[in-house]
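Subject: Structure handover

Hello,

Here is the structure I promised to pass on. Please open it and keep it beside you while you read my notes.

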Amino acid sequence: MENNKTFLFRTAATVKEYNRGKWWIDSDIIPQKTFTAENARQAIEKYIKFCDDNGVIISKTAAKNAENMYLDGKDGEPQRRGKVFTAKYEIYDDEKREYKNIYIELWTDIAMISYDF
């Protein structure tokens, strides 16, 4: 019997602070997605591959250095809810008529969900 769990990833993308004002991206460039995996680490690996398949590149170093993301819990105390990944994204520069890479942040809420009926 497998011990797989289902993880739900919800992502909001933002341009890195030093590029705000110069560039704009849709916050939902990475759609909500579920992954089945034995643990969160394996689910994150699948998420990184999914991002790569969607043109948003999270390097191994960026994955390793991802910051924890916290949201206020019901009692007001911060609770770890996911990761903030730095990623590379290709964007079209209308002025220079060329594509260029910019760095973005992926604020990723990760929830383990169960389908036990």
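Contact means heavy atoms within 4.5 Å. Keep that cut-off in mind for the contacts below. Note too that this is a predicted model.

**Asp-93 and its surroundings**

Start with Asp-93. You will find Asp-93 in strand β5, which covers residues 78–93. Leaving out residues up to four places away in sequence, Asp-93 touches Trp-23, Glu-98 and Lys-100.

Is Asp-93 buried or exposed? Asp-93 is buried, yet it has no salt bridge. The nearest side chain of opposite charge is Lys-100, 4.5 Å away.

What does the side chain of Asp-93 reach instead? It reaches the backbone nitrogen of Glu-95 at 3.0 Å. It also reaches the backbone nitrogen of Lys-96 at 3.2 Å.

Now look at Trp-23, one of the residues that Asp-93 touches. Trp-23 sits in the loop between β1 and β2. It counts as buried because its relative accessible area is 17%, and buried means under 20%. Beyond its neighbours within four places in sequence, Trp-23 is in contact with Val-15, Ile-91, Tyr-92, Asp-93, Lys-100 and Ile-102. Take Ile-91 as an example. Trp-23 and Ile-91 are 68 residues apart along the chain, but their C-alpha atoms are separated by 8.5 Å.

Arg-97 lies in the loop between β5 and β6. Its phi is near 55°, a positive value in a residue other than glycine. Most residues other than glycine have a negative phi. Arg-97 is exposed, with a relative accessible area of 69%.

**Aromatic pairs**

How many aromatic pairs does the structure hold? It holds five. One of them joins Phe-9 and Tyr-47, and it is stacked: 4.8 Å centre to centre, with 15° between the planes. This pair links distant parts of the chain. Phe-9 is in strand β1 and Tyr-47 is in helix α1, 38 residues apart. Both Phe-9 and Tyr-47 are buried.

Tyr-92 and Tyr-99 form an edge-to-face pair, 5.0 Å centre to centre and 65° between the planes. Tyr-92 is partly exposed at 34% relative accessible area, and Tyr-99 is exposed at 55%.

There is also one aromatic cluster formed by Phe-9, Phe-35, Tyr-47, Phe-50 and Phe-85.

**Salt bridges**

The count of salt bridges comes to four. Here are three of them.

- Glu-105 pairs with Lys-16, the closest N and O atoms being 3.3 Å apart. Glu-105 lies in strand β6 and Lys-16 in the loop between β1 and β2, so the bridge ties together parts that are 89 residues apart in sequence. Glu-105 is buried at 16% relative accessible area, and Lys-16 is buried at 17%.
- Asp-53 meets Lys-49 at 2.9 Å, N to O. Both lie in helix α1, four residues apart, about one turn of the helix.
- Arg-81 meets Asp-109 at 2.9 Å, N to O. Arg-81 is in strand β5 and Asp-109 in strand β6, so this pair ties together parts 28 residues apart in sequence. Arg-81 is partly exposed at 29% relative accessibility, while Asp-109 is buried at 10%.

Arg-81 and Asp-109 also belong to a network of salt bridges that includes Arg-10.

Best wishes

Methods
Residues numbered from 1 in each chain as written. Predicted model: local features only at pLDDT ≥ 70, side-chain atom pairs only at ≥ 80, totals over all residues. Heavy atoms only, no water. Helix = DSSP H or I, 4+ residues; strand = E, 2+ residues; numbered from the N terminus. Buried < 20%, exposed > 50% of the residue type's maximum accessible area, 1.4 Å probe, protein only. Lys, Arg positive; Asp, Glu negative; His and termini not counted. Polar contact = N/O pair within 3.5 Å; in protein donor to acceptor, adjacent residues only side chain to side chain. Phe/Tyr/Trp six-rings, centres within 6.5 Å; stacked < 30°, edge-to-face > 60°.
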